Amino acid sequence: MTAIRLGLPIPADAPHAALSASRLLGPELLVTSWVEGRATIRLGVLDLRDGSWRIGRGLRGLLRDALLLPSSRHALLLGATGLVEVELDSLLATRTLTAGLGRDHAWLAPVDDDTVAVGSAGRAMETLVSLSRFAVVGRRKRGGMPVPDARERRAGLARVLGRGDGFTVGASEERATAPQRMLLLGDGEQTARPIAELPQGLVDALLVGDGVLASASDLAAARSLTAVPGLRPAPTGLLPLEELAAAASASAEALLRPARGRPAPRTVHRDRRLEPGETIEGIVAERVTLEGWRVSRAERKQERPRLSGIRVRDLEIRASTLDGMVLEDVTVDGLRLDDSGFLFGCEFRRVTLAGRVRGLVLNPVLQDPDETATARYARWHRERLDDAEWMLDLSRATGDITIRGYPSRFIRRNPELHAVVTAAAVSDGAWREVDHGRSALRVSLLELARSGWEDVTLVADPHGRRAEDDLRYLDALRTAGIAEPD
């Protein structure tokens, strides 16, 4: 028995660590899900007769369970945050239920012809849903989940994932030091046989065709299902797993191929640690995503990890910590960040931001658990302030930008959207009387009054919900003589 890969139509830049179930809808269809972009849930349906993939939307959270309805052309799909009825020919959601279900669902169980139960591993009760009314109609005590019996536990199964045709499929224990294994235990056997290893972890093992299809806990990282063929005769009308894997992989590749006129797929660089003395330089690129990047601390100033001579159009940074690095002669046109947007202790030399910027907060203070490292980086920042070389050019950038502790004399600005307020201007407290409306820029003045900064650059976001309030606040500060005339 040799495991093979069955390709999924998941883009290379899909976010990792998104846990989805994979389920069978009768003997002919397999359904799973993944995340694309920042938070778009995709539904993938594989036809086990010909290996073709179809992609739909409308799922409420990543897939947790699925149930084929008696009409056979409709299915119930349970997402993490809601229940959806889907018409299988079109993959369109026909009914959706979220009220009364709560969140973090785990399974669906039929009760009778009109009722299903929605369960959660963390709750003692299941929620009862009427199919005719598509509404919550009650609660009941939670039913039991499949667990290994005594023989299966002795054989090495930590979880039971499927039973049928004289054997049980399960998973080994999860260990940090070894990949999780898929195990096969025949009737009457005392020891389970490993039939595949899944480095990303094992969520489901489904009896499909002549063998087993297994899904990893991180489908976006694996971008495939693991198929183990040859365990039993293939049912009539379904492709043997080896043929299914080839057809499904080809179908996935065709769906991922960019259509004419569409932008090229993003290039994703994942899980990179920049070590002391390391420099990345001389790169020109577009549509780039950095995910899971880290920066090591340096003992000496000249050994800080560095980006130099970089030009990127449309850069996205996710789940990364870039604190403490040096950026010099870098131009970024279009920048999008998640919580990674908090950049602490970085040094900037001739860094230009242009286009739309989302979620950027700059602070020269590096907060490290090692107090000596914090003091070391603080000293290097003070030394940088003695160098007149400009740091940031924001004159062609718009968006959500917050600057703390970097003096305005090092920043090239756009006077229509930016204003400078000095520490002396807030010393008498008169700024507190200026009406800020809904603008959050007042927080930066509060920080200036409490800090040792020489000034602060306020940046209005023309794309935000408070854009008008931001601009009115800057004008009011200038009129009151608090903001510098620019």
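This is a predicted model: local features need pLDDT of at least 70, side-chain atom pairs count only at pLDDT 80 or more; totals for chains, interfaces and linings use all residues.

Q: OK, how many helices and strands are in the chain?

A: Six helices and 32 strands.

Q: What share of the residues counts as buried?

A: 51% of the 486 residues in the chain.

Q: And what box do the C-alpha atoms fill?

A: Roughly 80 × 50 × 50 Å, taken along the principal axes.

Q: Let's do a sheet. In what order do the strands β10, β11, β12 and β13 sit?

A: The order is β10-β11-β12-β13, four strands in an open sheet with antiparallel pairing. Two strands pair if DSSP finds at least two bridges between them.

Q: Which are the edge strands there?

A: β10 (107–112) and β13 (135–141), each of which pairs on one side only. On average, neighbouring strands of this sheet are turned by 30° against each other, direction ignored. For that angle, axes are lines fitted to C-alpha atoms (for helices over the stretch in contact), and angles run from 0 to 180 degrees between N-to-C directions.

Q: Zoom in on β11. How many bridges does it make with β10?

A: Five, in the antiparallel sense, with β11 covering residues 115–119. Among the bridge partners, Leu108 goes with Val118 and Ala109 goes with Ala117.

Q: How many residues sit between β10 and β11 in their hairpin?

A: Two. The hairpin of β11 and β12 has five residues between its strands.

Q: And how many bridges join β11 to β12?

A: Four, with β12 being residues 125–130 and running antiparallel to β11. Thr115 has Ser130 as its bridge partner in β12.

Q: Is β11 enclosed or open to the outside?

A: Largely enclosed by the rest of the structure, because five of its five residues are buried.

Q: Switching to charges. How many salt bridges turn up in the whole structure?

A: The search finds 35. A salt bridge here is a side-chain nitrogen of Lys or Arg within 4 Å of a carboxyl oxygen of Asp or Glu.

Q: Which residue does Arg42 meet?

A: Glu36, in a salt bridge of 3.2 Å, N to O. Glu36 is buried, with a relative accessible area of 16%.

Q: What about Arg313, which partner does it have?

A: Glu286, with the closest N and O atoms 3.2 Å apart. That pair links distant parts of the chain: Arg313 is in strand β25 (residues 306–318) and Glu286 is in strand β23 (residues 279–291), 27 residues apart. Arg313 is partly exposed at a relative accessible area of 48%, and Glu286 is partly exposed at 48%.

Q: And Arg336 with Glu316, are they buried or exposed?

A: Both are buried. Arg336 and Glu316 form a salt bridge, the closest N and O atoms being 3.6 Å apart. Here, too, distant parts of the chain are linked: Arg336 in strand β26 (residues 326–337) and Glu316 in strand β25, 20 residues apart. Salt bridges that share partners put Arg266, Arg270, Arg287, Glu291, Asp314, Glu316, Arg318 and Arg336 into one network.

Q: Last topic, backbone. What is the phi of Asp271?

A: Positive, about 55°, although Asp271 is not a glycine. Asp271 sits in the loop between β21 (267–270) and β22 (273–274), and Asp271 is exposed, with a relative accessible area of 63%.

Q: And where is Ala319?

A: In the loop between β25 and β26. Ala319 has a positive phi of about 50° although it is not a glycine, and Ala319 is partly exposed, with a relative accessible area of 45%.

Note on methods: Residues are numbered from 1 along each chain as its sequence is written. Side-chain values use heavy atoms; hydrogens and water are left out. Buried means under 20% relative accessible area, exposed over 50%, partly exposed in between (1.4 Å probe, protein chains only).
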